[in-house]
Amino acid sequence: MLKPNTLPITLGLAPMEGVTGLSTRLWLSLVGGVPAMTTPFLRATYSFPLGRLPPDYVTELDDPRPLRPYDLMPQIMAAAPEDFMRAASLLPQEQVLELNCGCPAPTSVGSGAGSALLRDPKSYHEFIKYLCDHLGPNRLAVKMRLGLWDADMEFPRLFEGLAQLPLARLTIHARTREERYLGKSHWSWIQWAARQTPIPVFASGDVLEESSLLQLQVIAPQVQGVLIGRGALRNPWIFGELLEGTPPDISLETMIVALKCFVQLERIAGLGFSAWPGHQLQRVKFRELCQLIWSLGPAGTSGYRWSHSLNEIVSWSAELTSLTSDKMEKVLLGRLKMLWNYLRSSVPEVLQDPSLLRVGSTQDFWEGLKIRMATRSLLCSDQPFRLTYQPQWDWVYGGGGKKGAADKIS
């Protein structure tokens with residue numbers, strides 16, 4: 001069993017497009033235990049960004065690491081190296097930046113970005129070498145897949161041109177683009193790469209609880225880090241579990257308050273742009289929000305700490321209450337359902353009823369959770385239950401050829 005502060009590899013939150021924006025990152029910092037995070041990709045094109053970045057893209061970089069409780073790596077997606085460099089010029093000169101070469105979504109691939117960069121090894125190597133030459137050593141990180149269709153044929157050729165480049169890290173999602181998120185990650189390819197390069201190699205894909213991390217370390221012992229994406233949605237407390245070696249216990253009452261914090265942070269993110277006119281004011285207000293959340297500290301599974309956090313967040317954002325519209329409430333409900341659709345795969349069966357995903361308001365959602373507990377008399381709202389990985393749910397999040405949230409996780 002892993003013990004606190006003895007984990008031999010680095011843990012971090014994987015980038016998830018449309019999911020791990022500022023509000024989710026702040027919520028996960030309240031959950032606690034996340035030492036490093038990566039932003040969703042910034043899609044750099046010939047016309048974006050010009051002159052400035054979105055105010056909530058990397059707001060946390062305004063504050064030094066001692067105040068910010070996690071490291072943050074910006075991720076950029078681009079089809080041309082010049083577009084990447086234009087975005088990079090707007091970020092701190094010493095900041096490590098990650099190039100997304102993994103996103104399998106048709107919208108990314110169709111525009112020549114994401115995993116489309118893997119189509120031709122020669123142009124792929126030239127793209128990354130150009131970025132290394134212009135950024136300088138150890139400032140570029142790369143996240144890639146094993147290829148488009150056939151790892152055995154593609155990955156060795158794709159990797160060959162990277163092995164000696166001065167990359168800060170290489171993160172490998174050990175599936176091809178065609179596999180998306182189906183089946184099991186081919187971790188042996190990650191170990192194969194780690195043996196052949198001085199670049200720190202990180203693994204991405206299929207770390208969902210402690211036993212899967214231990215299995216990865218057996219198959220790929222030279223891997224230096226793990227980025228967790230879908231596993232952090234299915235169990236947001238997974239980072240604490242991996243550090244402590246024990247699955248978390250949480251009461252339904254506490255989980256509801258934690259989810260209400262998530263909704264309130266999403267509300268602030270959605271309404272902030274209309275409430276705070278002007279790019280600079282938005283950036284200042286988002287920075288204030290970051291500092292508030294960090295000052296609260298991790299709530300973990302403590303009902304008291306989550307209730308205190310919710311009260312502080314609501315109080316800080318009181319000025320936004322009057323701006324909430326029916327349209328915004330629908331957006332917030334959609335975000336809540338997105339998170340719950342993942343999280344319900346780790347809760348007791350009594351809570352897994354899919355009808356919760358069809359409710360018409362957030363209030364109906366909270367009431368539905370409590371009713372399911374009370375009517376089945378299996379748990380009281382204040383009785384802790386254990387969040388556990390349940391493999392029978394894996395098929396739900398595979399993506400396959402269907403469009404959906406899973407397609408956007410890179």
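**View 1. The largest nonpolar core.** A nonpolar core is a set of buried Ala, Val, Leu, Ile, Met, Phe, Trp, Tyr and Cys residues joined through side-chain atoms within 4.5 Å. In this predicted model, the largest one takes in 125 residues, and Phe84 and Met144 have the most contacts inside it.

**View 2. Around Met144.** What does methionine 144 touch, leaving aside neighbours within four places in sequence? Its contacts include Cys101, Gly102, Leu118, Tyr124, Phe155, Leu158 and Leu162. Leu170, Thr171, Ile172 and His173 are also in contact with methionine 144.

**View 3. The largest pocket.** Here the volume is about 440 Å³. The lining comes to 22 residues, and Gly18, Gly21, Leu22, Pro40 and Asp56 are the closest to the pocket's centre. Helix 1 (22–31), strand 2 (36–44), helix 10 (252–275) and helix 13 (326–343) each put at least two residues into the lining. Sorted by class, that lining has 12 nonpolar, six charged and four polar residues.

View 4. For cysteine 101, the nearest cysteine sulfur belongs to cysteine 132 and is 11 Å away; a disulfide needs the two sulfurs within 2.5 Å. Cysteine 101 is buried, with a relative accessible area of 0%. Cysteine 261 is in no disulfide either, and its nearest cysteine sulfur, that of cysteine 290, sits 15 Å away. Cysteine 261 counts as buried too, at 0% relative accessibility.

Terms used. Residues are numbered from 1 along each chain as its sequence is written. This is a predicted model: local features need pLDDT of at least 70, side-chain atom pairs count only at pLDDT 80 or more; totals for chains, interfaces and linings use all residues. Side-chain values use heavy atoms; hydrogens and water are left out. On a 1 Å grid over the protein atoms alone, a cavity is a set of points where a 1.4 Å probe fits but cannot get out, and a pocket is an open set with protein on both sides within 12 Å along at least five of seven lines; lining residues have an atom within 4 Å of a point. Grid points are joined across faces, edges and corners, and a volume is the space filled by probe spheres set on the points. Helices (H or I, at least four residues) and strands (E, at least two) are DSSP runs, numbered from the N terminus. Ala, Val, Leu, Ile, Met, Phe, Trp, Tyr, Cys and Pro count as nonpolar, Asp, Glu, Lys and Arg as charged, and the others, Gly among them, as polar. Buried means under 20% relative accessible area, exposed over 50%, partly exposed in between (1.4 Å probe, protein chains only). Contact means heavy atoms within 4.5 Å.
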